[in-house]
Amino acid sequence: MANVSSSNGLEKRPKLRFPGFDEPWKAEKLSDFADRVTRKNTNNETSLPLTISSKDGLVDQISYFNKTVASKDMSGYYLLKNGEYAYNKSYSVGYDFGSVKRLDRYDMGALSTLYICFALKKHDSDFIKAYFDSLKWYREIYMISAEGARNHGLLNVPTDEFFDAKHYIPQDLAEQQKIANFMIALERRIEAQQSLVDNLKKYKRGVVDGIFSRKLNFSYPQTWAELEISELFMPISDKLFFTKA
């Protein structure tokens with residue numbers, strides 16, 4: 001990536017760009033590139049209740065909570081389809097203004113009407129997903145919700161104002177795809193590294209268990225002895241004593 005321009009404070013020209021791209025990014029309302037999704041699960045087309053995890057995205061409630069917190073009759077819920085997005089107005093640690101996530105794991109699912117759902121009508125979907133994962137859009141949501149009271153863990157974000165919020169987007173589809181592919185590659189690298197760490201932790205637990213249960217033996221002779229804890233450690237007292245003046 002090349003640093004070919006500096007930011008003017010409006011993010012029209014990001015500081016970091018891929019070589020060959022220098023056109024200013026354009027401010028667009030969400031409604032310019034996305035339509036609200038309000039279709040209902042009227043005929044119970046899906047029995048899969050969804051929830052948004054800020055970390056894991058749109059996930060099955062049953063798998064995530066080990067139970068469902070949705071109504072048995074989900075005909076009044078939104079019917080969200082693969083590739084569509086939902087905004088969760090609930091704030092959590094590290095996600096002060098909620099999360100926007102794309103449905104990737106399932107063909108469709110049912111979502112509470114407390115969420116704001118939308119589908120793209122233009123732009124690269126992987127780029128938009130990466131954009132909303134970046135939290136760069138928080139400034140606009142802050143401006144919308146700054147005067148609103150928080151109610152039961154939900155931000156007061158009016159739907160109309162959410163769709164009127166401005167986002168600076170590169171207009172060149174090739175630049176969008178470059179950015180998206182780069183972010184996808186980073187995510188895959190992170191997942192691979194995390195898998196390696198998890199496997200090493202699992203291996204360590206097995207080794208520790210094997211050593212202390214004496215299932216594993218080193219090549220040289222080992223002698224184990226049973227000791228009282230008092231033979232290994234010396235008691236320490238750090239009590240503070242105060243005297244009256």
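1. Ala86 has Lys101 as its bridge partner in β7. Strand β6 (residues 85–88) and β7 run antiparallel and are joined by four bridges. Two strands count as paired if DSSP finds at least two bridges between them. Strands (E, at least two residues) and helices (H or I, at least four) are DSSP runs, numbered from the N terminus.

2. A word on the basis. This is a predicted model: local features need pLDDT of at least 70, side-chain atom pairs count only at pLDDT 80 or more, and totals for chains, interfaces and linings use all residues. Residues are numbered from 1 along each chain as its sequence is written, and side-chain values use heavy atoms, with hydrogens and water left out.

3. Which way do the residues of β7 (residues 99–102) point? Ser99 and Lys101 point one way, Val100 and Arg102 the other way. All are buried, that is, under 20% relative accessible area; exposed is over 50% and partly exposed lies in between (1.4 Å probe, protein chains only). In a regular strand the side chains alternate between the two faces of the sheet.

4. The structure holds nine salt bridges. The criterion is a side-chain nitrogen of Lys or Arg within 4 Å of a carboxyl oxygen of Asp or Glu. One of them pairs Lys122 with Glu28, with the closest N and O atoms 2.7 Å apart. This pair links distant parts of the chain, 94 residues apart: Lys122 sits in the loop between β9 (116–120) and α3 (125–133), Glu28 in strand β1 (residues 26–29). Lys122 is partly exposed at 35% relative accessible area, whereas Glu28 is buried at 2%.

5. Asp133 and Lys129 form another salt bridge, the closest N and O atoms being 3.2 Å apart. Both lie in helix α3, four residues apart, so about one helical turn separates them. Asp133 is partly exposed, at 35% relative accessibility. Lys129 is also partly exposed, at 26%. Salt bridges that share partners join Lys101, Lys129 and Asp133 into one network.

6. Now helix α4 (residues 138–145). Where do its buried residues lie around the axis? Tyr138, Ile141, Ile144 and Ser145 are buried. They are on the same side of α4, because they cover an arc of only 120° around the axis, taken from the directions from the helix axis to the C-beta atoms. The buried residues pack against β6 and α5 (159–164); contact means heavy atoms within 4.5 Å.

7. The face of α4 turned away from the buried side carries the exposed residues Arg139 and Met143. Arg139 has a relative accessible area of 58%. The Arg139 side chain meets that of Glu140 in a salt bridge (3.8 Å, N to O).
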